[in-house]
Amino acid sequence: MFQLNLYASQKGALQNEYIEHAYERMIELERQHTDFFKLKLEEFGHEAPKLSGGLTSLAGHLLGGVALDFTTAENRYKLGIAVETKAIEMYRALIMEAWEYPDICQRLWHNMIDEEFHLLWYKDNLKHATSLIQST
Ligand SMILES: [Fe+2]
């Protein structure tokens, strides 16, 4: 849910069509992840948790209280790396929890692999953004 809201909130600041399509695809996948969790929570008779504190404070928390300017691509990618790393950790823990439920586990593995692809995309684009800054 957090990733979906975060990436959707950053779409207006993106610098070109390629980056916009990459974010759109990530948002699409994060929405599928969120829908899966909502469905499973409903099946087990729970409500989906609500996020409190807003995106900025959650983002700051993920970065260890460091305040970053998210109008720069470099900082958006750094936040993306932090968010995706956290999501991968979460999926690892959930896979262990859901070990007895192969259908749920399979979905969790797939979601975790989506997050790993996102992480690699952010890392690669951070490298390019950093080298562009250094070459100017
Ligand atoms: Fe992701």
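These are my notebook entries on a predicted model of a helical protein chain.

**Entry 1: the overall layout**

I began with the secondary structure, and the protein chain comes to 5 helices and 0 strands. Reading from the N terminus on, I wrote the order down as α-α-α-α-α. Next I looked up burial: of the 136 residues of the protein chain, 18% count as buried. I also checked how far along the sequence the contacts reach. Among contacts with a separation of 6 or more, 55% come from residues 24 or more positions apart.

**Entry 2: helix H2**

I turned to H2, which covers residues 17-43. For burial in H2, I noted Met 26, Glu 30 and His 33. After H2 I came to Gly 45, whose phi is positive, near 75 degrees.

**Entry 3: H1 against H2**

How do H1 and H2 pack, in angle and axis distance? H1, residues 2-10, packs on H2 at an angle of about 155 degrees, with the axes 9 Å apart. That angle is over 145, so I logged H1 as roughly antiparallel to H2. The crossing of H1 past H2 is left-handed. I then listed who meets whom: on the H1 side Gln 3, Leu 4, Tyr 7, Ala 8 and Gln 10, and on the H2 side Tyr 23, Met 26, Ile 27, Glu 30, Arg 31 and Thr 34. Sorted by class, this contact has 6 nonpolar, 3 polar and 2 charged residues.

**Entry 4: helix H4**

H4 runs over residues 73-97. The buried residues of H4 are Ala 73, Arg 76, Tyr 77, Lys 78, Leu 79, Gly 80, Ile 81, Val 83, Glu 84, Ala 87 and Tyr 91.

Is Ile 95 buried or partly exposed? Ile 95, in H4, has 17 other C-beta atoms within 10 Å, so it counts as partly exposed. Leaving out residues up to four places away in sequence, Ile 95 touches Cys 105, Leu 108, Trp 109 and Met 112. I also looked up its C-alpha distance to Gln 106, which sits 11 residues away along the chain, and got 8.5 Å.

Leu 108 is in H5, residues 102-135. It is buried because 25 other C-beta atoms lie within 10 Å, and the cut-off is 20 or more. With the close sequence neighbours (up to four places) again left out, Leu 108 touches Tyr 91, Leu 94, Ile 95 and Ala 98. For Leu 94, 14 residues apart from Leu 108 along the chain, I noted a C-alpha separation of 7.3 Å. Tyr 91, one of those partners, is on the buried list for H4.

Technical notes: Residues numbered from 1 in each chain as written. Predicted model: local features only at pLDDT ≥ 70, side-chain atom pairs only at ≥ 80, totals over all residues. Helix = DSSP H or I, 4+ residues; strand = E, 2+ residues; numbered from the N terminus. Expected span 1.5 Å × (residues − 1). Buried ≥ 20, exposed ≤ 12 C-beta atoms within 10 Å, placed from the backbone. Contact = placed C-beta atoms within 7 Å. Axes fitted to C-alpha atoms, helices over the stretch in contact; angles between N-to-C directions. Parallel < 35°, antiparallel > 145°, perpendicular 65-115°, else oblique. Left-handed = near helix turned anticlockwise from the far one by under 90°. Nonpolar A, V, L, I, M, F, W, Y, C, P; charged D, E, K, R; others polar.
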